[in-house]
Amino acid sequence: MSADASTLRARVKVRAAELVGRGWLNTGGRPLSLADLRGRVVVLDFWTFCCVNCLHVLDELRPVEERFPDALTIIGVHSPKFEHEADADALASAVERYAVHHPVLDDPELVTWKAYAARAWPTLVVVDPEGYVVASMSGEGHGPGLAALVAELIEEHRAKGTLQPGDDPYVPPPAPETALRFPGKAVTLPDGSFVVSDTSNHQVVHLEGDLETERARWGGEGILNEPQGVLVATPEVAERLGVDLLVADSVNHQLKGIRLSDGSVHVVAGTGSQLRERTGGGPALEQALSTPWDLAWLGDRVVIAMAGTHQLWAWTPGDTLEHGTVEVVSGTSNEGLVDGPALEAWFAQPSGLAASASGDRVWVADSETSALRSVDLGADGRLSVETHVGTGLFDFGHRDGDAAEALFQHPLGVTELPDGSVAVSDTYNGAIRRFDPVTRQVTTLAQGLAEPSDAVVEVDPEAAQTHLVVIESAAHRLVRVALPEEAQRVDGPAHRTQRPSTPLPSGEVSLEVTFVPPAGQKLDHRWGDPTRLDVSATPEALLVEGAGRAEGLTRRLVLRDDIGTGTLHVSVQAASCDGDPVTGDVPEHAACHLFQQDWGIPVVIDPAAPATLALDLRGV
């Protein structure tokens, strides 16, 4: 469903709602109101810090902020998904961690989220200098189009006399002083030293066994950008390719190799651009990746937790650094929790990997489903996915006991222990949890940690004791945690992501996604419909008709009348190109742009509700 932008803008004028929340960050303690921002173009970025798609949008917004420093103000509206994200101190840490350089409204009760009828993370809302909403956009890919819209609004309101350029309200916080900043992942080397990704310093650090003394630092801004997973190369790969460590360079969307002898850093996979198509494969240096977060060996391949596309990929080394290949090994790119054959499974931001001692399994911390999962190599050479703990996108907590009833909260790391059990870095619960695959019981090994994001095993043969070296990411350090002889059992509360349910009637419902191409772009229909919808439901029985993947931005759905509540999962993609490809009015160096979003929409069956579900991918 598309329409001419100027026609839509002339049709209705909606006054922007006031910005209401618990407090403000990056303003020097000063609260802001829309009146304070009158005369400037304002972009509201509804985000939550667990969401990798929100992190992508933060990166898309940076050049827009830099282009219009005198006339544009970006306001982050933090609307939390998880309980931990509603903690004010955790939000302050996240704002620093992800280098958010604009004011942020802390909205833990979703007051402003509801006022703007946001349905998804991320959502962008554009407010003109007179205080009217002129656009709403969900998902990724809006950077160039947003910049064009902002430029158009600046020109329009300068001519009207309603543009009042002035100082931006952003006030930077005090500079940090710790050696490490938000470290992400670690590995141990044979001599007892450790390598850790110093994520917010954009480096990889070699630490002595005391966890503080530094031997070396590699990378830095311009070389690495928020590195996460680190992995020791096998002796054969190290000799053949000349790299000793592999690094998931998350914001550069690449796999890098580090040669310890001279500290040089080499690209192993990825072009440096973010993958938009959510599919691909082939020569590793020619294939774009999307936010690789962790790495693990599975046979002669390196499995990559591709958090940005909710998939697992694999890198196969070649004879030289230039001749490796990559491919998708698990996940459809749909966000959710579905087991089965690997290429049919669904993940939700996989962020931690650990190879099993048996060599035929990789454990997966699937963070957005708060789940522990595994990818297993069968005797027939095929991969399959199994969930051991976790139920879906919206259920979380700190509950031990039977695996079927246990709950995590956004785990980022996973570690296999010497006895074959699994330690889960249960990040948002500040805990290390243990899953026993034999008894299928979950217990708690340690609590009170500051966002643990990974752990490595350290065995002390003299003391006959095993420790975990845990990355306390929000405390900017590594700590030793002794494995207790008897783990605790915590029976904490269960939580569910709280968002307003959308009332829909049973029977026929019309799903309509609005997409207005940015100024100067057109949908390219020369080779078919450039839009796509993928629809499913939880529970699956809620959706009688309308499930599946097909072209177009509208869909006839049929909902059952005997299932009172559920969740509709809607994924959409739309591609537009510079110029008009139909008339041939196309710039010499025309570019095409892919817009995409995944919605998980809680619904409640209400016979009196309108039979239309309208979503904005890009509405102007």
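These are my notebook entries on one protein chain, taken from a predicted model.

**Overall fold**

I began with the secondary structure and counted seven helices and 45 strands in the protein chain. I then looked up the radius of gyration, which is 24 Å and close to the 25 Å that the globule rule gives for 620 residues, so I noted the chain as being as compact as a globular protein of that length. For the extent of the C-alpha trace along its principal axes, I wrote down a span of about 75 × 55 × 50 Å.

**Burial, contacts and surface**

I next checked burial and found that buried residues make up 58% of the 620 residues. Turning to contacts between residues at least 6 apart in sequence, I found that 60% of them join residues at least 24 apart. The accessible surface comes to about 24,100 Å², and I noted that carbon and sulfur atoms account for 50% of that area.

**Charge**

I looked up the charged side chains and recorded 46 positive and 89 negative ones, with the centres of the two sets lying 5 Å apart.

**Helix 6**

I then turned to helix 6, which covers residues 143-160, and found that its 18 residues reach 26 Å from the first C-alpha to the last, close to the 26 Å expected at 1.5 Å a residue. The residues I found buried in helix 6 are G143, G145, L146, A147, L149, V150, L153, I154 and H157. As a reminder to myself, an α-helix has 3.6 residues a turn, so residues three or four places apart point the same way. Finally, I looked at what comes after helix 6 and found G161, whose phi is positive, near 85°.

Note on methods:
Residues are numbered from 1 along each chain as its sequence is written. This is a predicted model: local features need pLDDT of at least 70, side-chain atom pairs count only at pLDDT 80 or more; totals for chains, interfaces and linings use all residues. Side-chain values use heavy atoms; hydrogens and water are left out. Helices (H or I, at least four residues) and strands (E, at least two) are DSSP runs, numbered from the N terminus. The radius of gyration is taken over C-alpha atoms; the globule rule is 2.2 Å times the number of residues to the power 0.38. Buried means under 20% relative accessible area, exposed over 50%, partly exposed in between (1.4 Å probe, protein chains only). Contact means heavy atoms within 4.5 Å. Accessible areas come from the Shrake-Rupley method with a 1.4 Å probe; for residues, only the protein chains shown count as cover. Lys and Arg count as positive and Asp and Glu as negative; His and the chain ends are not counted. The place of a charge is taken as NZ of Lys, CZ of Arg, CG of Asp or CD of Glu. The expected span of a helix is 1.5 Å times one less than its number of residues.
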